[in-house]
Amino acid sequence: MEESSAHQIKSICVFCGSNPGKNAKFVEAANNLGKVLAKRKIHLVYGGGSLGLMGCVSTAAHVGGSQVLGIIRTALAEGNFVGKTVGEELRVPTMQDRISKMLDNSDAFIALPGGIGTLEEIFQIASWAQLNIHHKPIGLLNVDGFFNKLLSFLDQAEEENFIPHSARQIFISASTAEEMVDKLEDFVYKPDPVATQLDWSKGNSSKKRKMDLSLHL
């Protein structure tokens, strides 16, 4: 497969905390990201609700004129655990349906500071990119060095041969929203040569070729 060229981004999915965190810079960054998306006429996809950084980025984008789509599990929406969703709401039955719908409705992904859920989401999207399921850019908005240790971990995992270089390059990092969106738009997909042997259109049980087991997962 040839490398994918840079492309215009029309919608970005943002993963982030349902809490604001202790550092006021996190809230400032979430608000600014929403404003930058609106200024660039980029739609926002997020996990629904109105709490924490999720509420900040979605409200700022919506007020600025962006279309906002919150994709949320029905149980969370009906239980009113995360507040009222900003913009349009799409309810889904399972967490797997949620992440799949996010992939379908987004051209790129950004993680703001958050907890276990944020990390689970961004790493699942990244693992799908490594497996050549999609070619969409993925960014870590490194607000006040929040992701420094995670980026160091990824570097170490590459050094120890647990992550191939092509997979390490999946993660883009930037300290500001403007720089992040620029990098996402300039991103060029470079697939793992082994992963290109996978034919996902045929399902897991049907492969045209045997896979080289050197694929690092």
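A residue counts as buried when its relative accessible area is under 20%, as exposed when over 50%, and as partly exposed in between (1.4 Å probe, protein chains only). This is a predicted model, where local features need pLDDT of at least 70, side-chain atom pairs count only at pLDDT 80 or more, and totals for chains, interfaces and linings use all residues. Residues are numbered from 1 along each chain as its sequence is written, and side-chain values use heavy atoms, without hydrogens and water.

Start with helix H4, residues 95-104. Helices here are DSSP runs (H or I, at least four residues), numbered from the N terminus. The buried residues of H4 are Arg98, Ile99, Met102 and Leu103. They lie on the same side of H4, because they cover an arc of only 135° around the axis. That arc is taken from the directions from the helix axis to the C-beta atoms. An α-helix has 3.6 residues a turn, so residues three or four places apart point the same way.

Now turn to H4 and its partner, helix H5 (residues 116-130). Their axes come within 11 Å and cross at roughly 60°. Axes are lines fitted to C-alpha atoms, for helices over the stretch in contact, and angles run from 0 to 180 degrees between N-to-C directions. H4 and H5 are therefore oblique to each other. Oblique covers whatever is left after roughly parallel (under 35 degrees), roughly antiparallel (over 145) and roughly perpendicular (65 to 115).

Which residues in H4 meet H5? They are Gln96, Arg98, Ile99, Ser100 and Leu103, and they meet Glu121, Gln124, Ile125 and Trp128 in H5. Contact means heavy atoms within 4.5 Å.

Notes: Helices (H or I, at least four residues) and strands (E, at least two) are DSSP runs, numbered from the N terminus.
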